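Dear colleague,

Please find below the structure that I am handing over to you. My notes on what was found in it follow directly after.

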Amino acid sequence: MAIMATTNPTTETPDGPRSARKHAAILEAATEVFLRDGYPGASMDEIATLSAVSKQTIYKHFGSKEALFLAIVTSMTNAAGDTVHNQIEDLGPDEDLTDYLRAYAYRQLSVVLTPRLMQLRRLVIAEVGRFPDLAKALHDHGPKRAVGLLAAMIERLAKRGLLTVDDPVVAATQFNWLVMSAALNAAMLLGDRGIPKPAELRRQAEEGVRVFLAAYGRR
């Protein structure tokens, strides 16, 4: 079932700043309700009450319940990706590559493996049969975008002679899963109690980087 929206959830409506504030309030309230109650249990009436708008206003901004959930998926995954990638500068001339990649890997783990993002993933997986657009949005704005940004970083490091890489996308995909796979599986399948503690996340980051550099380190 395709998700159709009558408005673009990432743009302001013609009403200007006031409409933008309503848009943000709806997203914030809807995120709490969807994550708490799941897609089938989420009440549009409650979202309207919490965001202090009418149901008609919600539909004006997002078009449908499905499109509202799609906007939540997109905004949460984009925000997580931005937190991982936008605040990390390129490796400095006097910085150690291993330390740099470890810091990147740990940041990726600690940002992605949060209760809210794991709950979002579970909700999307539960609804993938009815709403495949949700899964595509999560994939495109989450793992696919993360691998693309990481591939660009790896390519820059390779051009400086710090890595030996034939295909940056393949290398980025392998880095991603060396670092993320075990922790992500535990968090997805075991719930919040499965999210590793910071010390374990650091250990997984270090081990993932060690294996990655064994394959792609400068020869």
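The bend at a residue is the angle between two axes, one fitted to the seven residues that end there and the other to the seven that start there. In this predicted model, helix H8 has a kink of about 50°, centred on Met180.

Helix H8 covers residues 168-190, 23 residues in total, and spans 32 Å from its first C-alpha to its last, close to the 33 Å expected at 1.5 Å a residue. At its start, a side-chain oxygen of Asp167 comes to within 3.0 Å of the backbone nitrogen of Val169. Just after the helix, Gly191 adopts a positive phi of about 75°.

Met180 is itself one of the buried residues of H8, which also include Phe175, Asn176, Val179, Ala183 and Leu184. Among the elements that cover these buried residues are helices H5 (97-112), H6 (115-127), H7 (132-159) and H9.

As for the protein overall, there are 9 helices and 0 strands. Of its 219 residues, 46% count as buried. Among contacts with a separation of 6 or more, 73% are between residues 24 or more positions apart. The C-alpha atoms fill a box of roughly 60 × 40 × 30 Å along the principal axes.

On confidence, the average pLDDT is 88, and 93% of the residues score at least 70. Over residues 1-14, however, pLDDT stays under 50. Where pLDDT is low, the predicted coordinates should not be read in detail.

With kind regards

Conventions
Residues numbered from 1 in each chain as written. Predicted model: local features only at pLDDT ≥ 70, side-chain atom pairs only at ≥ 80, totals over all residues. Heavy atoms only, no water. pLDDT = per-residue confidence, 0-100. Contact = heavy atoms within 4.5 Å. Helix = DSSP H or I, 4+ residues; strand = E, 2+ residues; numbered from the N terminus. Expected span 1.5 Å × (residues − 1). Buried < 20%, exposed > 50% of the residue type's maximum accessible area, 1.4 Å probe, protein only. Polar contact = N/O pair within 3.5 Å; in protein donor to acceptor, adjacent residues only side chain to side chain.
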